[in-house]
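This briefing presents one protein chain for a reader with the sequence and coordinates at hand. Please consult the display below before turning to the points that follow it.

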Amino acid sequence: MRKPCEEALKRAEQLAKEDGVLVKTVCEEGETFERISDLAAAENCDLIVMGRRGLHKLERSLVGSVTQG
């Protein structure tokens with residue numbers, strides 16, 4: 001499962017480099033919102049910006065939301 005993650009991150013790094021943008025990528029395993037929170041704390045992040053799909057209330061309750069977590 002790591003291979004697709006690492007390939008996607010490698011491509012993202014290439015695109016960022018082409019645009020002169022500095023990025024740091026990581027491939028983590030576990031509960032998504034917990035890993036994001038743990039990594040943000042470890043990296044001393046002040047702000048996390050995430051998108052949210054416009055799911056209806058019923059869909060959100062059935063599927064859950066990383067952004068909400």
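The points below treat the fold, the disulfide, the salt bridges and the surface in turn.

The model is a predicted one. The chain contains 3 helices and 0 strands, and its elements follow one another in the pattern α-α-α. A search of the whole structure returns 1 disulfide, and the count of salt bridges comes to 5.

**Fold and helix geometry**

- Helix α1 comprises 17 residues and extends 24 Å from its first C-alpha to its last, close to the 24 Å expected at 1.5 Å a residue.
- Just after α1, Gly-20 adopts a positive phi of about 70 degrees.
- Helix α2 covers residues 32–42, and Ile-36 is one of the residues within that helix.

**Disulfide and cysteines**

- Cys-5 and Cys-27 are joined by a disulfide, with an S to S distance of 2.4 Å.
- Cys-5 belongs to helix α1 (residues 2–18) and Cys-27 to the loop between α1 and α2, so the bond ties together parts that lie 22 residues apart in sequence.
- Cys-27 is buried because its relative accessible area, 15%, falls under the 20% cut-off.
- Cys-5, by its relative accessible area of 25%, is partly exposed.
- Cys-45 also counts as partly exposed, at 41% relative accessibility.

**Salt bridges around Arg-2**

- Arg-2 and Glu-6 form a salt bridge in which the closest N and O atoms are 3.5 Å apart.
- These two residues, Glu-6 and Arg-2, are 4 residues apart in helix α1 and therefore separated by about one helical turn.
- In general, an α-helix has 3.6 residues a turn, so residues three or four places apart point the same way.
- Arg-2 also forms a salt bridge with Glu-29, where the closest N and O atoms are 3.1 Å apart.
- Glu-6 is partly exposed at a relative accessible area of 43%, and Arg-2 is partly exposed at 37%.
- Glu-29 is exposed because its relative accessible area of 55% is over the 50% cut-off.

- Arg-35 forms a salt bridge with Asp-38, and the closest N and O atoms are 3.1 Å apart.
- Both Arg-35 and Asp-38 lie in helix α2, 3 residues apart, or about one turn of the helix.
- Arg-35 counts as partly exposed at 24% relative accessibility, and Asp-38 counts as partly exposed at 44%.
- Turning back to Arg-2, salt bridges with shared partners join Arg-2, Glu-6 and Glu-29 into one network.

**Surface and burial**

- Of the 69 residues of the chain, 4% count as buried.
- The chain exposes about 6200 Å², of which carbon and sulfur atoms supply 53%.
- Ile-36, Ile-48 and Met-50 make a nonpolar surface patch of about 230 Å².

Note on methods
Residues numbered from 1 in each chain as written. Predicted model: local features only at pLDDT ≥ 70, side-chain atom pairs only at ≥ 80, totals over all residues. Heavy atoms only, no water. Patch = residues over 30% accessible without salt bridge, like charges linked within 9 Å, V, L, I, M, F, W, Y side chains within 5 Å. Areas by Shrake-Rupley, 256 points an atom, 1.4 Å probe, with all protein chains shown as cover. Salt bridge = Lys/Arg side-chain N within 4 Å of Asp/Glu carboxyl O. Buried < 20%, exposed > 50% of the residue type's maximum accessible area, 1.4 Å probe, protein only. Disulfide = S-S within 2.5 Å. Expected span 1.5 Å × (residues − 1).
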